[in-house]
Structures are given as structure tokens and as C-alpha cells.
Amino acid sequence: MSETDTQSRAVAVGVLKGGFAKTTTAINLARELAHRNETALVIDLDDNGHMTQNLGFIEEYEAETNHVHEVLLEDSDPREAIVSVVDGLDLLPAHQDLEDVQTQLKNAMGGSTRLNTRVVEPLLEDEYDYIVVDCPANQGKLNENALYATNNLIIPVRPETGYDSGIHNTVNRLVKEARQYFELDILAVVPSGLSQRLDQDRRDRALLEEINSMEIADSVVPNFCRISDDDWAAIDEGTYDGPLPGIRYRSAIDDANDAGLPLRDYDDTCDQLPAYGELAAIVETGGVVREREVMV
């Protein structure tokens, strides 16, 4: 696969557990897609609205009119609800009453396909090259809409308590169930917030060992966190001289969130930006491209 194989694509960023850097991954992935392709849209479908509020769109989140309800259940034009984050990157904000939307979607005709028919199909390719959906961390109609509309999933993980159950539940309760009804590809599993030594038996190492030992590891673990058996041996012998794997903890990433900006717009010198760049390349090509071919 080469750089020329890129095409417009939508992707969901989701995991059935909170605190796994889902929103941070979604906003910085969308920002890198916009940086590389001029336009991208990120949709905040998480009922906690962290992305919308962190980016400063409090008025939209707390507005009297629920614009998400208007778009998904009343057939309003999504363009009227979209706001600009930075040049090239737009946001369809969340609303504080998203749970009510989820409840009403249960009784709506085609309740799992509304995001696709009302937002993704009309906007993808014609107005945006790429669309990223920040999913809720629980099962339900909003998550079903995100997965059906994108057919692609990126799973973020952090070395926090319960990371193994978070991955297991996402694959078994979300991905496998969805695949009974429509196509759904896992594009990447992305560890972030790593900071511990890898030559010690600690949670960072356990997480990296788990995702690198999955049967599908070669197709879903990005280059920036792929570790071979030889790499592990070198790490244990103290001779490993490769880059530290995963998206590493950097205060700039947290500070960017606090400042209401994507990482690139807060600190474009951060050494973790290339990892988000590779994620963008994975979305562009529809899968992991091994190191010799990837363009970041």
C-alpha cells in the first residue's frame, strides 16, 4: 500500500471504558487529518461532551435547542450546527441532552443509521475528506450510529487499572456484536500516556505486551508501538536503542487540553505529534502501513 492509496474515510474513536484518552486521541487525530488534507470534521457524540466543552463551545453544549436532536431526529441541516475549531478543522458539537437523543433513537425508524444518512453521507467527500467521531464510552444507539456510519474503529488504551477488560469488552461486546449486522474494521489499537520503564514488570510493559501479542497485532498496532520479540530481548538486555513505543506522557498534551486546543496548535514542537501523524496516515490508507512505506 502506498501514499497514493488514500481516500476519504470516516472513523470512530471508541472504547467501552472512560479515562483511556479517547477524546484526546480523537481531537488530535482529526487535527492531523486536517493539517495533512486541508479539511476534517470531528463529531462529539460522547454524552459527557468533554471535547465540546474543552474546546470552549459551552454555549452550544448548553443551548436551549438541542441541535443533535434537530439533526438526527428532525432532519435539520448539520451544517447549521457545525462550528470552526481551527483553520481546516470543524466540530459538530455535543449537547448536554444527548442521553435524550439516545432514548428517542431507540424508537425511531432506522435509529442506528441516522448519523450516516443525516451527517456522514451528505458531508464526506463533498465537504470533508475525513470525519472522526468521538464515541460515548458505553453501549447504546449513539455508539451504534457512530460504528455504522464509519465502519472503522480506532481503540485508545492507557496503562490504567482495567485496561485489559476495556480492550476485551470493546472487542467482544462492541466490535463482534456490530459485525453481526454490518462491516466494521479495527484500524488501530493505540496506547498513550506511557511513562514507565519497559525493562521492569510494570503496567506500561504489560499493556504493550498484551497489544503486541494479539492475533491481529500486525494489522492494528501502529509502527510507533509495534515491538518485536527481538526488541523485547534487547530491552531486557539493556541494548535496545529504538524509540520509546506508544504515545508517551507529555505535559504539553495535557496543557493543550486545558488550553482548549489540539496539540499541534498548542505546541507544534511536541515530539509526540508524529504518532498522531501516523494515526492520520492509517485513516487515510485504511490500515497500518509498515514503517518503510508510511508517510508521517
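Two cavities of 30 Å³ or more are present in the structure, a cavity being a set of points on a 1 Å grid over the protein atoms alone where a 1.4 Å probe fits but cannot get out. The model is predicted: local features need pLDDT of at least 70 and side-chain atom pairs count only at pLDDT 80 or more, while totals for chains, interfaces and linings use all residues. Residues are numbered from 1 along each chain as its sequence is written, and side-chain values use heavy atoms, with hydrogens and water left out.

The second largest cavity has a volume of about 50 Å³, taken as the space filled by probe spheres set on the points. Its lining (residues with an atom within 4 Å of a point) consists of Ile43, Leu45, His67, Val68, Val71, Leu72, Leu92 and Leu115. Seven of these residues are nonpolar, one is polar and none is charged. Helix 4 supplies the largest share of this lining, four residues; helices are DSSP runs (H or I) of at least four residues, numbered from the N terminus.

Helix 4 spans residues 67-74 and includes His69. His69 counts as buried because its relative accessibility is 16%, the cut-off being under 20% with a 1.4 Å probe and protein chains only. Beyond its neighbours within four places in sequence, His69 is in contact (heavy atoms within 4.5 Å) with Glu74, Val101 and Gln104. The side chains of His69 and Gln104 are also joined by a polar contact of 3.2 Å, defined as a pair of N or O atoms within 3.5 Å, of which, within protein, one must be able to donate a hydrogen and the other to accept it.

Terms used:
Helices (H or I, at least four residues) and strands (E, at least two) are DSSP runs, numbered from the N terminus. Buried means under 20% relative accessible area, exposed over 50%, partly exposed in between (1.4 Å probe, protein chains only). On a 1 Å grid over the protein atoms alone, a cavity is a set of points where a 1.4 Å probe fits but cannot get out, and a pocket is an open set with protein on both sides within 12 Å along at least five of seven lines; lining residues have an atom within 4 Å of a point. Ala, Val, Leu, Ile, Met, Phe, Trp, Tyr, Cys and Pro count as nonpolar, Asp, Glu, Lys and Arg as charged, and the others, Gly among them, as polar.
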